[in-house]
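Biologist: Could you take me through one part of this protein, the sheet, and show me how it sits in the chain as a whole? I would enjoy a slow, close look.

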Amino acid sequence: MAKLYFRYGTVGSAKTLNLLAVAHAYNQQNKRVLVIKPALDDRFGRETVKSRAGLERDADLLVEPDSTLNSDDFKGINCALVDEAQFLSPNMVDQLRRISNELDLPVICYGLRTDFRTDLFPGSKRLLEIADEISEVKTTCFFCDSRALFNLKFANGKPTREGPAIDLGAEEKYLPACSRCYSRHFS
């Protein structure tokens with residue numbers, strides 16, 4: 001029986017690199033994957049799924065919060081891979097659950113668990129509620145050797161908890177931090 005997976009991690013934990021490696025492994029076995037990405041993530045181009053290590057590929061399907069997934073788009077697919085799953089709407093996560101169940105198709109979602117304020121993203125919250133398997137893609141804190149748990153945001157070179165929850169960026173704006181280092185930046 002196929003499952004809905006949620007693989008979460010902080011910024012810089014190689015979530016997208018992991019997704020691209022899984023896609024490559026399926027392709028090497030002459031199996032078909034469908035790579036899905038929220039349309040709002042246009043950091044590297046609207047259709048581009050790119051890791052910070054430089055590997056990239058085009059997304060096969062861009063979704064909006066109110067998109068409707070058609071089961072026919074998943075026929076003949078061996079696995080669906082979702083990048084930046086934190087940006088999915090809860091309704092989209094429910095649709096991925098349905099697709100996984102109806103088509104007996106593994107759906108692997110990669111994304112952040114929480115925003116820079118340590119609040120759950122709505123898509124991540126729903127995945128934590130209904131995914132069959134949840135695993136962490138681990139990385140270390142930028143400031144020490146402890147396991148990173150949070151995404152520390154910087155504005156004008158200073159840590160901040162201000163601004164919208166969705167504020168696209170990479171290393172120039174966000175760094176992975178353990179609980180202690182995250183807290184120290186706001187003491």
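Modeller: Happy to! Please keep in mind that this is a predicted model. Of the 187 residues, 47% count as buried. The chain holds 4 helices and 11 strands. Its radius of gyration is 16 Å, close to the 16 Å from the globule rule for 187 residues, so the chain is as compact as a globular protein of that length. Along the principal axes, the C-alpha atoms fill a box of roughly 50 × 30 × 30 Å.

Now to the sheet itself. It is an open sheet of 6 strands, and reading across gives the order S5-S2-S6-S7-S1-S8, with parallel pairing. At the edges lie strand S5 (61–63) and strand S8 (133–136), each of which pairs on one side only. From one strand to the next, the twist averages 20°.

Stepping back to the whole chain, consider its contacts with a separation of 6 or more: residues 24 or more positions apart account for 76% of them. As for the surface, the chain exposes about 9200 Å², and carbon and sulfur atoms supply 46% of that area.

Notes
Residues are numbered from 1 along each chain as its sequence is written. This is a predicted model: local features need pLDDT of at least 70, side-chain atom pairs count only at pLDDT 80 or more; totals for chains, interfaces and linings use all residues. Side-chain values use heavy atoms; hydrogens and water are left out. Two strands pair if DSSP finds at least two bridges between them. Helices (H or I, at least four residues) and strands (E, at least two) are DSSP runs, numbered from the N terminus. Axes are lines fitted to C-alpha atoms, for helices over the stretch in contact, and angles run from 0 to 180 degrees between N-to-C directions. The radius of gyration is taken over C-alpha atoms; the globule rule is 2.2 Å times the number of residues to the power 0.38. Buried means under 20% relative accessible area, exposed over 50%, partly exposed in between (1.4 Å probe, protein chains only). Contact means heavy atoms within 4.5 Å. Accessible areas come from the Shrake-Rupley method with a 1.4 Å probe; for residues, only the protein chains shown count as cover.
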